[in-house]
Amino acid sequence: MSEAAIKYRLIKKEKHTGARLGEVTTPHGTFQTPIFMPVGTQATVKSLAPEELKEMNAQIILSNTYHLWERPGDDLVAEAGGLHKFMNWDRSILTDSGGFQVFSLAKLRDISEEGVRFRSNLNGSKLFLSPEKAIHIENNLGADIMMSFDECPPFFESYDYIKKSVERTSRWAERGLKAHRNPNTQGLFGIVQGGGHKELRQQSARDLTSLDFAGYSIGGLSVGESKAEMNHVLDFTTPLLPENKPRYLMGVGSPDALIDGAIRGIDMFDCVLPTRIARNGTCMTSHGRLVVKNAKYARDFRPLDENCQCYTCRNYTRAYIRHLFKADETFGLRLTSYHNLYFLLDLMKQVRQAIMDDELLDFKEAFFEQYGLNVE
Ligand code: PRF
């Protein structure tokens with residue numbers, strides 16, 4: 001019998017919500033869930049060293065098949081000894097399949113049963129990705145968790161289109177599972193699609209859970225629909241997924257959506273949001289967003305967040321960080337990137353504690369109140 005690459009252990013369910021405290025074990029370690037995964041698209045979490053990510057207690061990071069396939073090439077990464085070794089990260093890694101990136105970045109897509117033809121957004125060359133090819137690349141990269149190659153249709157596409165798309169994504173998922181060469185060292189997740197349609201989410205979940213994936217992702221959300229619509233889809237989709245496997249909500253990372261996702265039974269999240277907004281000087285704090293470049297911070301010698309214990313907040317002031325941004329010094333965006341990631345990792349730690357204490361709804365209310373959000 002071969003060992004599964006990914007193990008999930010349910011530690012406890014919260015009393016008043018669908019939230020769960022769990023533990024995922026991969027070949028590169030064990031982490032508690034719900035968890036936030038920093039994004040390192042190009043085999044680097046922008047501006048931060050792996051040591052810094054470890055210092056803030058990041059346990060798993062995400063990288064991208066599409067980007068690494070184009071540059072530097074998955075064969076080169078394999079030659080380096082795999083992605084962990086190449087980028088000097090010895091904890092867990094998850095790779096997205098490229099499906100979403102092709103749909104969001106590339107031009108002139110031509111989708112067929114076989115796969116997707118499109119043009120490179122690096123140099124305009126003609127490229128083709130299929131479920132088998134995506135898995136082949138992901139096998140070369142060697143992440144602990146890999147994603148199936150899916151189509152992420154626009155949330156408000158027609159029912160008929162999304163139905164065809166879901167059916168094709170299910171066939172692609174099955175083809176990917178067959179093509180997977182390293183099931184003992186890499187776990188493959190299926191991705192549930194279906195837009196805002198309950199019936200199609202059910203169909204997608206049914207198709208995918210009939211196959212033996214290591215975990216299940218929910219895709220096609222946070223693509224322009226409202227928070228209420230996303231929560232509504234999660235309300236009826238998460239219960240369709242098996243209890244004994246991890247559940248991952250793709251591309252979601254605002255503090256309120258992390259809490260609302262955890263309440264609905266999501267275990268894993270990723271998003272470029274914290275690092276992307278950090279690079280233009282927007283910081284997440286316990287009192288909401290703070291735009292550190294604003295003139296009002298010129299002589300503000302307090303930390304970004306007075307309740308935060310991160311390296312940035314222990315050592316630097318708003319005035320200093322504002323100065324760095326004004327002077328175009330890269331240390332400024334390193335400090336805000338560090339802070340925002342720490343903020344979300346710490347938020348998830350508090351969410352896990354609240355699940356442990358059966359107090360997640362109270363936690364949500366207090367957090368939203370302080371962050372300046374309305375609890376629905
Ligand atoms: N599919 C894949 N990656 C994704 C998404 C998806 O639907 C999303 C949607 N928010 C983010 N990243 N493969």
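Arg264 lies in the loop between helix 10 and strand 14 and Asp235 in helix 9 (residues 227–237), so the pair links parts of the chain 29 residues apart. A salt bridge here means a side-chain nitrogen of Lys or Arg within 4 Å of a carboxyl oxygen of Asp or Glu. Helices (H or I, at least four residues) and strands (E, at least two) are DSSP runs, numbered from the N terminus.

This is a predicted model, in which local features need pLDDT of at least 70 and side-chain atom pairs count only at pLDDT 80 or more, while totals for chains, interfaces and linings use all residues. Residues are numbered from 1 along each chain as its sequence is written, and side-chain values use heavy atoms, with hydrogens and water left out.

Arg264 is buried at 16% relative accessibility, whereas Asp235 is partly exposed at 43%; buried means under 20% relative accessible area, exposed over 50%, and partly exposed in between (1.4 Å probe, protein chains only). Shared partners join Asp235, Asp260, Arg264 and Lys364 into one network of salt bridges.

Arg20 and Asp267 also meet in a salt bridge. Arg20 is in strand 2 (residues 20–26) and Asp267 in the loop between helix 10 (255–263) and strand 14 (268–270), so this pair ties together parts 247 residues apart in sequence. Arg20 is buried at 2% relative accessibility, and Asp267 is buried at 0%.

Arg302, partly exposed at 39% relative accessibility, forms a salt bridge with Glu306. The count of salt bridges comes to 19, including these:

| Pair | N to O distance |
|---|---|
| Arg20 and Asp267 | 2.8 Å |
| Arg302 and Glu306 | 3.8 Å |
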